[in-house]
Amino acid sequence: MVNFWVRRSEGIEREELLRLIDQDIAGLVKEKRVATKNFVVYVVDRDKVVDVVKKLLEYEYTRLSVIAGNDERFFRRDFSLTYIIAFDKQDLYIGIRTYVPPHDLKVKSLAKEVRAAWWHERENRDLYGFEFEGLDDPRKLVLPEYWPENVHPWRKDYPYNKPVADWREGQVDYKPIKEDKIDADVVAFGPYHLVNDEPIHWRLYVKGEVIVDVEHRGFHNWRGIEKIAEGRLTYNQIPFIAERICGICGYTHACAYCQAVESIGRIDIPDRAKYIRTVMLEIERIESHLLWIGIACHILGFDTGFMHSWKIREHIMHLAEVLTGNRKTYGMNLVGGVRRDILGDRLRKAFDYLRFMRAEYRELYNMLISNTIIAKRTRDVGILPRDKAISYGVVGPVARAAGLRIDVRKDHPYAAYKELDFRVPVYSESDVLARTLVRLDEVFESFDIIEQALDRLPRGPILADVGEIPPNSEGVGYVEAPRGEDVHYVRTGLYNKVQRWRVRAPSYANVPSVKEMLIGYRIADAPIIYASVDPCLACTERCIVVKAVDNGRTYSWNQLVELSRKISRRMGL
Amino acid sequence: MSYEIPHRWIVTFRYPLEPLPPPKELRGRPIIDPNLCIGCGACVRACPPNAITEEIDISKGIKVVKIFYGRCIFCGRCWEVCPEGAIRLSNEFELATPNKDDLIQYVVLPLHKCVNCGKPTEFTERQVVRVLTMIQELPIERREELRSKILLCRECKASFLSKPMELRGSEVYEKVKA
Ligand code: SF4
Ligand code: SF4
């Protein structure tokens, strides 16, 4: 058992905490490396790694953030696994690394006790061929079913541009694990579904209208972007592909990547660049939250809210276009700073726009919070208990709605957030309403941040001189994306290339926890519960195909929305 | 009508029936000015998605710089790295077309011919001119020495380097003039 968060850590300084940790795991550690100023790596034996991770998770405000596998056979003939744990109150990331010889890739599984490890372990099994003893989920995570068993695409001897053997030959159908064991009807929700960001498949097991169990299968769109970057791009080309990881919060990825490389190269970016990054990050947050508010209103059958919210969003997109040259993929970042300055009339224009939008948004806000139907549909729905939230390591608005006071902007200050004044809204109800309110409040804070940052924009250059990035070093970059903490682990290799780039988007931490939120609620609530974690909703317009079978009936997506709206009407809209 | 000034009630436009000019900051279609491009290939190496490629056809004696908008992500890196300012991101965004070939711009540049053997080299004439102007500031001996190498193809360069006294820089220059 893991005793999550039993040891107080708030108020303890970073050095003090490191000393405590050294004491805790003394004797288990073989080597300690200080990679960057807030990223420390401990090397431990592989039979100890699970114990060490569990021990660290006893501290308050820790999360298992990433498990990054790596093929280090080129350097030292081993594979490695790095469990990166975030210490949110000390601005610290600790990596627990273990080396595993290639002929025997067995590691103990952590997923039963720490749910955050669940997806990471399955991913590492797919991509590197690690075997996790005790992992009770035999399904693949990122690779498709037909992928041959012993081919692991992220090993370095698999070239980035090699296609897999003809997949049509060995096509295998997806086998849900619980379907035979459970006595309930099945509602398939996705893979193509309006509320899904990527094609994602939720198998809802229902008794009557109540969901009793849930199974997830996703990653139909998995592209292996990280491999392309490792294979052929140079440091300054990756920000552009990083930006294309997500259609909504792409800039956070570009920022996180650049920060990781900057921390490795000890590059201090100019103040003006820091402020400009902050402005763009907050513009993106407003844009993303407004998008989410619109979609949530639409799902609840309140299309006026949807229209209103997207109307305001259009203005912020236009502002982004004026400041960066593009509505969405800003293309602003390079390692060492930003590429476009905010000058003269653009600055004035930004202030005009912000004043206008704030007034519009206040109107929308008042309209939404005074709407009883939204409150009724969302209150006490999709509750994620606090202990589950900790075990799943949820981040962002989902965590803040569950009473966990974590926000990367405050806890691990990056860009210019340290010098700006803002509030982090926290609610403790942990239902859909709380998640909605967190986002609604955050938009106001974002307006404040942008205005402050533009007001105080320091003078100076916007791009630092970047010397050589040291090869064979590692670092983490982190950004509070609209959906939560976005972590990039970067390890540099030879010839100006990254050797390993691991992207952990916030939805990767949040989506597994949807399972816990859905159980016990009605099918008609499923869309809004799933949407409440704000999985990137990028491909909305193209999703029309939904087939859901329940007691021999087939629901189309429109019927499901209709069902959801009928409940709204029954409540007296 | 434009969306330059936010309006409380008017939020939709009659585009495409009426033109809707984008803000001047928009990063649109990159265009290479064929009169300025020297074919150095800096943009080719900087372009993240390989939208710009270069090809050398020794038999025809040409170098082709090709930009394909189907791959372009409109990042503007090419604009930043071009030493001649030949490439520029325009304001055009309406790129939809039924014909894929409309999305390609070619710049064809003649290759420099070796002054000794007359065979085409791997670099363009304009590149040579550019380097010749660049070395104007160097001290005269150094300039002469470089000039003798610049105008030769790889094989001739190698053979001259092994026999340095055979042909002086000034003699090569005389040959060019002739
Ligand atoms: S704008 Fe970017 S993607 Fe397009 S050609 Fe230039 S460098 Fe390549
Ligand atoms: S960088 Fe400029 S001059 Fe060089 S090939 Fe590209 S467009 Fe031509």
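Reader: In E4(A), which residue is the bridge partner of Arg63(A)?

Author: In this predicted model, strand E3 of chain A covers residues 62-72, and strand E4 of chain A covers residues 78-87. The two strands run antiparallel and are joined by 10 bridges. Within this pairing, the residue of E4(A) that bridges to Arg63(A) is Ala86(A).

Reader: In what order do the 5 strands of the open sheet of chain A that includes E3 and E4 stand?

Author: The pairing in this sheet is mixed. Its edge strands are E1 (29-36) and E3 (62-72) of chain A, each of which pairs on one side only. From one strand to the next, the twist averages 20 degrees. The order of the strands is E1-E2-E5-E4-E3.

Reader: Which helix of chain A packs on this sheet, touching E3 and E4?

Author: The helix in question makes an angle of about 5 degrees between its direction and that of E3(A). It spans residues 117-128 of chain A. The helix is H4(A).

Reader: Where in chain A does Tyr61(A) lie?

Author: Tyr61(A) is a residue other than glycine with a positive phi, near 55 degrees. Helix H2 (49-56) is on one side of its loop and E3 of chain A is on the other.

Reader: Why are Glu16(A) and Arg19(A) separated by about one helical turn?

Author: The two side chains form a salt bridge, with their closest N and O atoms 3.1 Å apart. Both residues belong to helix H1 (residues 14-24) of chain A. They are separated by about one helical turn because their spacing in that helix is 3 residues.

Reader: What is the bridge partner of Arg203(A) in E10(A)?

Author: Strand E9 of chain A, residues 201-207, pairs with E10(A) in the antiparallel sense. This pairing extends over 7 bridges. In E10(A), the partner of Arg203(A) is Glu215(A).

Reader: How many salt bridges does the rule find across the interface of chain B and chain A?

Author: At this interface, 24 residues of chain B are in contact with 27 residues of chain A. The two chains bury about 2,100 Å² between them, 44% of it on carbon and sulfur atoms. The side chains of Arg346(A) and Glu25(B) meet in a salt bridge, at 3.0 Å from N to O. The number found across the interface is 3.

Reader: In the hairpin of E2(B) and E3(B), which residue takes a positive phi?

Author: Strands E2 (residues 52-57) and E3 (residues 62-68) of chain B pair in the antiparallel sense over 6 bridges. Ile56(B) has Lys63(B) as its bridge partner in E3(B). The hairpin has 4 residues between the strands, and the phi in question is near 75 degrees. The residue is Gly61(B).

Reader: How many charged residues does the shell around ligand 1 have?

Author: Among the residues surrounding ligand 1 are Cys47(B), Cys72(B), Cys75(B), Arg77(B) and Cys78(B). By class, the shell has 9 nonpolar residues and 1 polar residue. The number of charged residues is 1.

Reader: How many nonpolar residues does the shell around ligand 2 have?

Author: The residues around ligand 2 include Cys37(B), Cys40(B), Cys43(B) and Cys82(B). The shell has 2 polar residues and no charged residues. The number of nonpolar residues is 8.

Reader: What is the omega of the peptide bond from Tyr15(B) to Pro16(B)?

Author: Pro16(B) is found in the segment before strand E1 (30-32) of chain B. The peptide bond from Tyr15(B) to Pro16(B) is cis, with omega near 10 degrees.

Conventions: Residues numbered from 1 in each chain as written. Chains lettered and ligands numbered in written order. Predicted model: local features only at pLDDT ≥ 70, side-chain atom pairs only at ≥ 80, totals over all residues. Heavy atoms only, no water. Near = heavy atom within 4 Å. Nonpolar A, V, L, I, M, F, W, Y, C, P; charged D, E, K, R; others polar. Pairing = 2+ DSSP bridges. Axes fitted to C-alpha atoms, helices over the stretch in contact; angles between N-to-C directions. Contact = heavy atoms within 4.5 Å. Buried area = accessible area lost by both parts, 1.4 Å probe. Salt bridge = Lys/Arg side-chain N within 4 Å of Asp/Glu carboxyl O.
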